[in-house]
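Hello,

Here is the structure I promised to hand over. Please look through it, then read my notes below.

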Amino acid sequence: MNEEVSRTHDYPPPVDQLLRLGAVEMGSPRQDYSALGITSTDVPALIRMIGDDGLHTAAGETPLVWAPLHAWRALGQLKAEAAIKPLLRLLARIDDYDDDWVGEDLPGVLGAMGAPALEPVTAYLADSRHGEWARVTAAEAIKKLGKNHPELKAECVTRLSAQLEKFVDQPETVNAFLVFALVELRAVEALPVMARAFAAGHVDETVMGDYEDIEIELGVKKQRNQPRGAGGWVKSAPEPRSSVEESYVEESFLSGMMPNNPSVGNVAADRLTPHVRPDKIGRNAPCPCGSGKKYKKCCGSA
């Protein structure tokens, strides 16, 4: 055990229990850390733990390397406002160390924080000095804030849309995941800025397809006007929608977003090409080009 890791044993109880919890499965239910006796008085020790390089670089087969993850999850459960900026500093690990756990897990943690997280996460997203995938993760965190806290949804849409307005000056991948976040928030009102970004060729279409795919995903069209262009791809057969996706489409119809809205498009009677929704590409999903690499390490890094 190296010197950095050995210093981690000075964490006080009950936080020291996190050094022994060990591995979790991606997407598994989150542990109730209050059952370990962890409370708001432990926030300073938890913040120290998430930034402990000795733990982040501990041997992969030891429980120590998992302690920062348990610590940031505990901070999320505590809605510890003091932890928001330290959590955002961790996002650099995605680009610098290919840390998938930070990229996959922190949006949910930040998304649990509520209104206090919105301004610092927005500022992080807007700062072009940060890495591309760190900014993508910040956009995902804003999406989570909007989903977890309905009273924040409109403001989250406004902030994501404002960032997408800068499409000329930011990577196509960032733009694509801003579109992804807006679509997940069912932000039909953001279609005009999405249309401009796609028309200018500043959106990576391997993430969610082209602009017509977005219109159909948001329920303002039933099917395509024309075949998908070179930026997207056509699958051999349509995939069935999940029950969640079906409910989104139903909500679009019921709320009157579909018919004859000049700001977002019109549903005509003579659609030429059936819609086949392309797969949505996640940060860690295999690249659709067939290379076998993760998207973010293949076409997403172009």
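**The second largest pocket**

The second largest pocket has a volume of about 190 Å³. A pocket here is an open set of points on a 1 Å grid over the protein atoms alone, where a 1.4 Å probe fits, with protein on both sides within 12 Å along at least five of seven lines. Lining residues have an atom within 4 Å of a point. They are H56, V65, W66, P68, L69, W72, R93, D99, W101 and V102. Seven are nonpolar, one is polar and two are charged. Helix α4 (67–78) gives the most, three residues. Both α4 and α7 (100–111) supply at least two.

**How to read the model**

This is a predicted model: local features need pLDDT of at least 70, side-chain atom pairs count only at pLDDT 80 or more, and totals for chains, interfaces and linings use all residues. Residues are numbered from 1 along each chain as its sequence is written, and side-chain values use heavy atoms, leaving out hydrogens and water.

**The chain**

The protein chain has 15 helices and zero strands. Helices are DSSP runs (H or I, at least four residues), and strands are too (E, at least two). Of its 302 residues, 51% count as buried, meaning under 20% relative accessible area with a 1.4 Å probe, protein chains only.

**Helix α10**

Helix α10 covers residues 153–164. Which of its residues are buried? They are C156, V157, L160, S161, Q163 and L164. Seen down the axis of α10, these fall within an arc of 160° (directions from the axis to the C-beta atoms), so they line one face. They pack against α8 (115–126), α9 (132–148), α11 (172–184) and α12 (191–199), with contact meaning heavy atoms within 4.5 Å.

Best wishes

How values were computed: Expected span 1.5 Å × (residues − 1). Buried < 20%, exposed > 50% of the residue type's maximum accessible area, 1.4 Å probe, protein only. Points joined across faces, edges and corners; volume = space filled by probe spheres on them. Nonpolar A, V, L, I, M, F, W, Y, C, P; charged D, E, K, R; others polar.
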